[in-house]
Protein chains: 8
Amino acid sequence: MPEVVFGLGKTVDHVVAIASKLLDHDGNVLITRATQAMAERVLHDLPGAEYFPMSGAIRFWRHRNVTGKGTIAVVCAGTSDIPVAEEARVTAEVMGNEVDSIHDIGVAGIHRLISNHARLSAARVVIVCAGMEGALPSAVGGMVSVPVIAVPTSVGYGASFHGLAALLGMLNSCSSNVTVVNIDNGFGAGYVASLINRL
Amino acid sequence: MPEVVFGLGKTVDHVVAIASKLLDHDGNVLITRATQAMAERVLHDLPGAEYFPMSGAIRFWRHRNVTGKGTIAVVCAGTSDIPVAEEARVTAEVMGNEVDSIHDIGVAGIHRLISNHARLSAARVVIVCAGMEGALPSAVGGMVSVPVIAVPTSVGYGASFHGLAALLGMLNSCSSNVTVVNIDNGFGAGYVASLINRL
Amino acid sequence: MPEVVFGLGKTVDHVVAIASKLLDHDGNVLITRATQAMAERVLHDLPGAEYFPMSGAIRFWRHRNVTGKGTIAVVCAGTSDIPVAEEARVTAEVMGNEVDSIHDIGVAGIHRLISNHARLSAARVVIVCAGMEGALPSAVGGMVSVPVIAVPTSVGYGASFHGLAALLGMLNSCSSNVTVVNIDNGFGAGYVASLINRL
Amino acid sequence: MPEVVFGLGKTVDHVVAIASKLLDHDGNVLITRATQAMAERVLHDLPGAEYFPMSGAIRFWRHRNVTGKGTIAVVCAGTSDIPVAEEARVTAEVMGNEVDSIHDIGVAGIHRLISNHARLSAARVVIVCAGMEGALPSAVGGMVSVPVIAVPTSVGYGASFHGLAALLGMLNSCSSNVTVVNIDNGFGAGYVASLINRL
Amino acid sequence: MPEVVFGLGKTVDHVVAIASKLLDHDGNVLITRATQAMAERVLHDLPGAEYFPMSGAIRFWRHRNVTGKGTIAVVCAGTSDIPVAEEARVTAEVMGNEVDSIHDIGVAGIHRLISNHARLSAARVVIVCAGMEGALPSAVGGMVSVPVIAVPTSVGYGASFHGLAALLGMLNSCSSNVTVVNIDNGFGAGYVASLINRL
Amino acid sequence: MPEVVFGLGKTVDHVVAIASKLLDHDGNVLITRATQAMAERVLHDLPGAEYFPMSGAIRFWRHRNVTGKGTIAVVCAGTSDIPVAEEARVTAEVMGNEVDSIHDIGVAGIHRLISNHARLSAARVVIVCAGMEGALPSAVGGMVSVPVIAVPTSVGYGASFHGLAALLGMLNSCSSNVTVVNIDNGFGAGYVASLINRL
Amino acid sequence: MPEVVFGLGKTVDHVVAIASKLLDHDGNVLITRATQAMAERVLHDLPGAEYFPMSGAIRFWRHRNVTGKGTIAVVCAGTSDIPVAEEARVTAEVMGNEVDSIHDIGVAGIHRLISNHARLSAARVVIVCAGMEGALPSAVGGMVSVPVIAVPTSVGYGASFHGLAALLGMLNSCSSNVTVVNIDNGFGAGYVASLINRL
Amino acid sequence: MPEVVFGLGKTVDHVVAIASKLLDHDGNVLITRATQAMAERVLHDLPGAEYFPMSGAIRFWRHRNVTGKGTIAVVCAGTSDIPVAEEARVTAEVMGNEVDSIHDIGVAGIHRLISNHARLSAARVVIVCAGMEGALPSAVGGMVSVPVIAVPTSVGYGASFHGLAALLGMLNSCSSNVTVVNIDNGFGAGYVASLINRL
């Protein structure tokens, strides 16, 4: 299990101090929701950091043995959802999983969905990130027989209400294999997918 | 154009009186959202009525000439959405359209969607009724290049919030050819579809 | 996999017809959200039904081989949450799992939580049903290292807003191993837990 | 059909790259919701662009043949609604339509409404953009017998809740010929109006 | 000033006792929101009562001198809004005003609005009751130069959210002479209109 | 009647042009919700402007004859509500009224309320601006027998939800002489109060 | 401390069984939110019960020694709030407190408030129950220097949204000595007041 | 009692003037929600100020005699909640109380909760600040038998809706000894806790 630091709302000093202490131990360390300033300090002060600017993740991936028993597919509906998908992927990887990232498939393009059927079916767990109407988890859920973790994203405008539309859509999914995490919570989806993939 | 009486919140006497007066003229008459008691009185008092108990529609279809230039497809996601779809169909028919009703296709069953591709593509306008996550209009919208009118239904429970989840989903549809009417407003969808099909 | 009929919003005739047809095949059949009247007809017409009046579940459990690899714990916070927990349990059982039901533990009674530590830790997946403030999944999530599926229930009054308070609480859980399903969706939780336990 | 790039949430580089590739083909290209920086780069790098700063639209209008069978009227209630109306107009034009823009008529000024009766009646489809109470589509809807596409705008303050008041008003319109798109979604309205006008 | 008893949530006994005591004095008495049972008891026990079943108002109108300086117009959009308009009228009358009731004019029928211009302009205060999109007060407000009191009604379904859509619309009215009272609060509108008309 | 320009969402050029044109006529002109930049340009370009920076009002008060028949009291609960009260006062004055401004009285200080009883009672109309719990209109309403116009303000934090708490409180006022305008709409309150005071 | 049974959502059998068992011990027992049927069975089966039909409380008050150090005032705004106030009083009494019940004082009647100043000031803790705009706790809070526990009630209609308006008002109280419990939660207010009065 | 100045929404000049005047008297003075600029001016102009930058509190603690009869525990769930806890502590101290601050215990870490049992039990009143799911007050409430004041914080993202999730959770707490104040209202919690501790 990696140690995880949630960067949102913490000071740069605070995050560097916590991360530094955690790195004294031998495990992997993941910082999520780091600001640009946080990332610059961490990259400067602490060796071995990878930085993912879209999602604000910083990873110290020191042990790369794969412990997950299958592949985790991380699917996203549009390019604007990629930051959330990235957080999910980075988390799943640092927790010892092979990840297959599938971008830019949506319910409005059924043929692209179907052309990814094999990759989706090969996964042991599927994470689906989508904003706007949040319909993709239902469609993917109907194509696979494994657990699907749906991540509503705050992508959209107007009546998307910062992800609320997508969240409600996913909670009402007609596919029985879908569970949901908080809006933009790529980390949580990656974490639970890793727990499932370890079983 | 048929004359339309909106039954909700009116008394039985009131509805019978209005309908009776409208029938003095020569056109078609449609009563929507009639209660069971309303329907019984209308069927008893006014000749020529057809009653549709699922949706509460009562129709006096005296002129059946088809004025719509193509077919209107009325699609619904689940059996619980059929009452709303019925209201749309009954409206579109009484306004002079051929209707193709396609039931029980949802985003969780993509193959059923695809197997209806020809029927959907044959329509000049498509009405899609769906509750719960309300994702079906986006998927259908991606399959056709004609206007899609989405009707959120109040089908669902918990976080469907009586159709709000479906409504928000449809307003945020990633398919550009989708417009939306009020929750459970099958009549409105049938009406606008008829206007479009007449053009 | 059992065949599942969602009873809510269907007519008695419809449910009996569907169930009857599904029973022609050899598998298990589960009807959820059956009304009292539905249950009476089903029990009268179709042999082999078990009825669970609290949750409205009807089960035809014809194949009872256990295919789940571990135990699924179904936890609930108060006696009013039991109907939802029952739906989860009945679903998980008919899908081939051993279930350990743990009732009436809440965050206001930490010692009861701790005294159930061994049973919780023995589970391969944990389902937690809670209404009101919906805090139990976070506490249970911190005690186990397996996936926790949280089911908000509509139990409560006033500012519980029919389960919304519990739903929001669970989506914001500080335990990273928690995912959420719709309000009162015991079936969904049992279904996903079964998929996970099968891996 | 033009190719469309939704600018919101994309990087400048991304948008330029996508637009550049689309321009290799021979069709019209529309970029919506471009930021100021995006527009500057596009105007600098890609020849033939028109920029509409109020709405953030960028248009490569290479084929100007009119394919729409009638006029699309684009109506807006106040000067603050013009950016949304502009997005609708730019979209409808690039999709081959004659557009008649009618600004600054509102339900509080019925005589101005009536004095525009002829222009409204001449349209084959009407788009109505309005914020605040969002009442204009109902009034216009009562004056014409063609489809009306209502666009709620986020114009207003306080209890307008960023367009929610207008959105709800339009969904509850007492004019049966009104359908609704997302808040500020001028593009969607222009797109659907074009589909209708092509029939 | 009449004495007023708000019937909602009180017992029959309670209401009769209060009204009886108030009638010992010499003034007018108004009971609002009386249930059917309440009305029957009041009509049986207390002489001189008029009962208005649509609105549930009961009136003891013992002094009928007109103290208001002009006419109060009470306008409503549809027949379903009449109960609320009736409560406003009954209140204004018992407080000493001439009332001009104008029913069934809506923004979707501008010509009917205009044909009532003279009656509207003759009023010293105007009350407008409307459900659904609640647009009528803005249109009326633009036609008169006196204060307009808007009463949102709970008439509608789906996204009317029991009057919320109409309420928000009225609060965002583009007519500056509009103020708003609670949903279905015909009494309050009649009361304030009477205060204004007395000035 | 003054001419009024609503500054919010307009450009500086636009506002200056409109105001300049209106000033060609002989009446008073009021600009509301002007930004700092707008005010600077107006003060520089157009002679005779008064600027009120707290509320963003700009006034050309060329005719100062008093046409209101009594005094309008403008009351506010706390110092943070003063900008809204200022907009109400500036509006009422430019429309020909004597205004009595009473600041900093709230329901938590009943004795201050009572010590202002005479001033409140002397008014012909009362405007009450309050944020947070929005309780002041009810208390003032109980102290006077004239119309009270309540203006919820967006003052507060957390569960004030930008004025929603105050708005709902005022709509549910137990004082029958209270009507409500939009959040922060001091202008509307001043406008309607002026209409009433003119009667 | 009394034993407490929350009746809402439990079966009659269940409540009788639990209460019966608790009565084997020597303490006081309180059942809250009992239905009519529950009350009838409890009164029939278990000796020593007092039933309070307005609030649905059932009390076994076997030990009546006063342990609270001062008086708890229970104030309510209108007669419709009395059931909630009753639940608070019954709870406080069974927990060993002297209670002073003050009914029917509201912010719209400041003189009634002031005439109760002495009784309010004599209390060691004050509970205030109010629906509609929920303003009373602020006014009472300004009159006393002890803790005030505010109970929003679901009394009201329209924009009271079942107590939400009162709840939000109380959370935003300008009196610093106010804390809030759930809508209609008279029991919780009585319970905490008792804890405070015991200190 | 200290004099309190609420800084939010006031100008720097205003705050300095008020504080300066209050300091002419002999008591303690507390400024809450001061901006950085406000703090700089106050520290420069007025001697004896302590500044707490996390919460924006400024304290003139001139009389440090302890008048509270016991200890007030101020508990917070995560490091992001510390600013709110700080405001509560600073308030309680300046009102004459010993405060025991307990940071970083949450429901996801039951063993840390239990290891603080003695400190929690030693308190006469407990303040609990928590964001996200807001579950901590229920857990703490179950561990102590004194009043618990819950402060929801705006810490979180997505479906925390700026503290709404925590607020609703706390209002629905299953621990009967919990009352709630506004989101982020550390001051209010410290104030009421001081009143209680003085009894």
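Thr153(D) counts as buried because its relative accessibility is 1%, where buried means under 20% relative accessible area, exposed over 50% and partly exposed in between, with a 1.4 Å probe and protein chains only. The model is predicted, so that local features need pLDDT of at least 70 and side-chain atom pairs count only at pLDDT 80 or more, while totals for chains, interfaces and linings use all residues. Residues are numbered from 1 along each chain as its sequence is written, chains are lettered from A and ligands numbered from 1 in the order in which they are written, and side-chain values use heavy atoms, with hydrogens and water left out.

**Surroundings of Thr153(D)**

- Thr153(D) sits in the loop that runs between strand E8 (148-152) and helix H7 (164-171) of chain D, helices (H or I, at least four residues) and strands (E, at least two) being DSSP runs numbered from the N terminus.
- The side chain of Thr153(D) is in polar contact with the side chain of Asp81(D) at 2.7 Å; a polar contact is a pair of N or O atoms within 3.5 Å, and within protein one must be able to donate a hydrogen and the other to accept it, while residues adjacent in sequence count only if both atoms are side-chain atoms.
- Leaving aside residues up to four places away in sequence, Thr153(D) touches Asp81(D), Val84(D), Cys129(D), Ala130(D), Gly131(D), Gly163(D), Ala166(D), Ile183(D) and Asp184(D), contact meaning heavy atoms within 4.5 Å.

**Interface of chain B and chain A**

- Chain B and chain A each bring 24 residues to their contact, and the area buried between them is about 2,000 Å², of which carbon and sulfur atoms give 71%; buried area is the accessible area (1.4 Å probe) that two parts lose on being put together, summed over both.
- On the side of chain B, Ile110(B), Glu133(B) and Asn172(B) lose the most area to chain A, and together they account for 30% of what that side buries.
- Between chain B and chain A there are zero salt bridges, a salt bridge being a side-chain nitrogen of Lys or Arg within 4 Å of a carboxyl oxygen of Asp or Glu, whereas eight residue pairs (both at pLDDT 80 or more) are in polar contact across this interface.
- Helix H4 (110-115), helix H6 (136-143) and helix H7 (164-171) of chain B are the elements that give two or more residues to the side touching chain A.
- That side of chain B divides into 16 nonpolar residues, seven polar and one charged, where Ala, Val, Leu, Ile, Met, Phe, Trp, Tyr, Cys and Pro count as nonpolar, Asp, Glu, Lys and Arg as charged, and the others, Gly among them, as polar.

**Interface of chain A and chain C**

- The contact takes 22 residues from chain A and 22 from chain C, and the two chains bury about 1,900 Å² between them, with 72% of it on carbon and sulfur atoms.
- The count of salt bridges between chain A and chain C is zero, while four residue pairs (both at pLDDT 80 or more) are in polar contact across the interface.
- Helix H7 (164-171), strand E9 (178-180) and helix H8 (186-198) of chain A each supply at least two residues of the side that touches chain C, and H8(A) gives the most, with six residues.
- The residues on this side of chain A comprise 14 nonpolar, seven polar and one charged.
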